[in-house]
Amino acid sequence: MQNGQYKKIEDLLERFFDGQTSNEEEQELYGFFAGPDVPEHLVPYKPVFGYFETGIVQELAAPDKEKVSFASRFSLKRWGWVVAGAAASLLLFLVYSSGSRQPAAFNPYEGSYIVRNGFALPIWKPFCPSSK
């Protein structure tokens, strides 16, 4: 009878690690590994189920000191400084980008040249038709 029970536990272990067990089957595994008569080849699994039974409950009951709530890390004062910095940056961007600077007048002849006697000569304003 014990061999049949161990075979059932081994099958449940395989299904457990594949994620295919129900809650009742997992409770059966927890109960089996909490008992004193665990066969030697299944002893390595005993700490695993001991952790699932007690370790998770302890983690949920005791809050972790490293995990501080979001509200306490970022207080209103700190958020105030962040918002003020963002507003100042936006204001500087808007003032700089919408200044009263006029764009340079477009000159279609800028960079143009003519070639005379093998030399490249720039076109100066006296030669430009718009300078008349």
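**Figure 1. Salt bridge between Arg15 and Glu25 in the predicted model.** In this predicted model, Arg15 and Glu25 are joined by a salt bridge whose closest N and O atoms lie 2.8 Å apart. The pair connects distant parts of the chain, with Arg15 in helix H1 and Glu25 in helix H2, 10 residues apart. Glu25 counts as buried because its relative accessibility is 18%, under the 20% limit for that class. Arg15, with a relative accessible area of 31%, is partly exposed. Beyond the neighbours within four places in sequence, Glu25 is in contact with Leu12, Arg15 and Gln20. Helix H2, in which Glu25 lies, comprises residues 23–34.

**Figure 2. Salt bridge between Lys8 and Glu28.** Lys8 and Glu28 form a salt bridge in which the closest N and O atoms are 3.1 Å apart. This pair also links distant parts of the chain: Lys8 belongs to helix H1 and Glu28 to helix H2, with 20 residues separating the two positions. Lys8 is partly exposed at 45% relative accessibility, and Glu28 is partly exposed at 32%.

**Figure 3. Salt bridge between Lys7 and Asp11 within helix H1.** The structure holds three salt bridges, and the view here shows the one between the side chains of Lys7 and Asp11, with an N to O distance of 3.7 Å. Both residues lie in helix H1, four residues apart, which is about one turn of the helix. Lys7 has a relative accessibility of 48% and is therefore classed as partly exposed. Asp11 is likewise partly exposed, its relative accessible area being 35%. In general, side chains of opposite charge can pair when their charged atoms come close.

**Figure 4. The largest nonpolar core.** The largest nonpolar core consists of 12 residues: Tyr6, Ile9, Leu12, Leu13, Phe16, Leu29, Tyr30, Phe32, Phe33, Val38, Leu42 and Phe49. Helix H1 (2–17) and helix H2 each supply at least two residues of this core. The greatest contribution comes from H1, which gives five residues. Leu12, one of the core residues, is also among the contacts of Glu25.

**Figure 5. Surroundings of Phe32.** Phe32 is a member of the largest nonpolar core. With residues up to four places away in sequence set aside, Phe32 touches Gln5, Tyr6, Ile9, Asp37, Val38, Pro39 and Leu42. Among these contacts, Tyr6, Ile9, Val38 and Leu42 are likewise members of the core.

**Figure 6. Antiparallel hairpin of strands E1 and E2.** Strand E1 (residues 113–116) pairs with strand E2 (residues 119–122) in the antiparallel sense, over four bridges. Val115 stands opposite Ala120 in E2. The two strands form a hairpin with two residues between them. In the turn, Asn117 has a positive phi of about 55°. As a general rule, the side chains of a regular strand alternate between the two faces of the sheet.

**Figure 7. Nonpolar surface patch containing Leu90.** Leu90, Phe93 and Leu94 form a nonpolar patch on the surface. Together, these three residues present about 320 Å² of accessible area. Leu90 is placed in helix H5, which comprises residues 76–97.

Key
Residues numbered from 1 in each chain as written. Predicted model: local features only at pLDDT ≥ 70, side-chain atom pairs only at ≥ 80, totals over all residues. Heavy atoms only, no water. Contact = heavy atoms within 4.5 Å. Core = buried A, V, L, I, M, F, W, Y, C linked by side-chain atoms within 4.5 Å. Buried < 20%, exposed > 50% of the residue type's maximum accessible area, 1.4 Å probe, protein only. Salt bridge = Lys/Arg side-chain N within 4 Å of Asp/Glu carboxyl O. Pairing = 2+ DSSP bridges. Patch = residues over 30% accessible without salt bridge, like charges linked within 9 Å, V, L, I, M, F, W, Y side chains within 5 Å. Areas by Shrake-Rupley, 256 points an atom, 1.4 Å probe, with all protein chains shown as cover.
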